[in-house]
Amino acid sequence: MMKKKIMVAMAAVLTVSTLLTGCGSKEAGNETFVPKDTINWTVTSSPGGGSDIYTRMISDIMTKEGLVNDQNIVVTNKTDGSGEIGRNEVANTKGDKADYTLLTFNSGDLMPMVKNTNNRSSNFKIIAVMAVDKQLIFKGESTKYNDFAEAIEAAKNGTKIVIGGSKGDDIATYEAMLEEIGIGEDVMSYITYDSTGDAITAALGGHVEFVISKPAAASEYVEAGSLIPVLALANERYGGNLADAPTLSEIGDYENIEVPVWRGVAAPAEMSDAAVAYWSEVLGKVAETDTWKNDYLDKNKLIANYMTAEEATKYVTQYEKEFMEANGIQ
């Protein structure tokens, strides 16, 4: 029941925009902010993963569209402590630097942060939510199973299956799937990597039999034929080169599993209200570009779901509250 509650809380992101109509970013009085120095953007997962691709796509659009006053954006990957060190550094950035510091912040970052540290979303300024992502399971070329239904059958007969994936939402999706198919973690086990990119590398090297990934991180490998989509962790099949992957209900007497992942941007708690308003507006402009819509959302099978700073703060605060309640966290 606890995992079911978590899944319901995550699914709420798909409709939250309609519940928050009329909200918007507010500037502090007559103050304005325009960047006049380098912007530092922290990503708490490794290069090549979904969060890294997302961040670099946004930063490229900001630069090419002239949205940052001709300033440079430096993206830094900080994975120490499963990303907690990087998140903590951002949360505690002080002074003028706070206005020039951004953080990629997703539901997959929030979940382990709340479970393992004292940091909460209130330790940051939530700037925006940009999109909703979902997962699939892929097999590598060396995996001996023809499809995931065959792997489930093997696991039910006692054969150990190993799945690789990233943190947070990937783990939540894996746990929800196991609960639905009735298999224990001791038989269908999970190895956690710093990013989806690292997990994919393990699958390509034959170190795990399957990998959980969002479309963005796996896309180039599917095109190359080195990763094969075998299960859509969603309520319906994906399109394009992922269309052959069935949903869980298509391969057995199961309910579909879907754990939507919201992708957002946060900043230090000390970022000024004027800077929050600026970055929220800039991200809104990014969300309206054809590059974002076509080269990121459509290409990687994400759902557009831009929220302003005010909307995103309300959503993330409620999401965190429900997640903590579902997990018995005070």
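The accessible surface of the protein comes to about 13900 Å². Carbon and sulfur atoms account for 45% of this area. The model is predicted. Its pLDDT averages 89, and 91% of the residues score at least 70. One covers residues 1-6, where the model shows 13 contacts beyond near neighbours in sequence. The other covers residues 15-29, with 26 contacts of that kind.

The protein contains 12 helices and 11 strands. Its radius of gyration is 20 Å, close to the 20 Å that the globule rule gives for 330 residues, so the protein is as compact as a globular protein of that length. Along the principal axes, the C-alpha atoms fill a box of roughly 65 × 45 × 35 Å.

Of the 330 residues, 57% count as buried. The contacts were then sorted by separation in sequence. Among those between residues at least 6 apart, 79% join residues at least 24 apart.

Charge was treated next. The protein carries 29 positive side chains and 48 negative ones. The centres of these two sets lie 3 Å apart.

Most residues other than glycine have a negative phi. N69 is not a glycine, yet its phi is positive, at about 55 degrees. This residue is found in the loop between α3 and β2. Helix α3 spans residues 50-64, and strand β2 spans residues 73-77. The relative accessibility of N69 is 38%. Buried means under 20% and exposed means over 50%, so N69 counts as partly exposed.

K301 also has a positive phi, of about 60 degrees, although K301 is not a glycine. K301 sits in the loop between α11 and β11. Helix α11 covers residues 290-298, and strand β11 covers residues 303-307. With a relative accessible area of 25%, K301 is partly exposed.

Terms used
Residues numbered from 1 in each chain as written. Predicted model: local features only at pLDDT ≥ 70, side-chain atom pairs only at ≥ 80, totals over all residues. Heavy atoms only, no water. pLDDT = per-residue confidence, 0-100. Contact = heavy atoms within 4.5 Å. Helix = DSSP H or I, 4+ residues; strand = E, 2+ residues; numbered from the N terminus. Rg over C-alpha atoms; globule rule 2.2 N^0.38 Å. Buried < 20%, exposed > 50% of the residue type's maximum accessible area, 1.4 Å probe, protein only. Areas by Shrake-Rupley, 256 points an atom, 1.4 Å probe, with all protein chains shown as cover. Lys, Arg positive; Asp, Glu negative; His and termini not counted. Charge placed at Lys NZ, Arg CZ, Asp CG, Glu CD.
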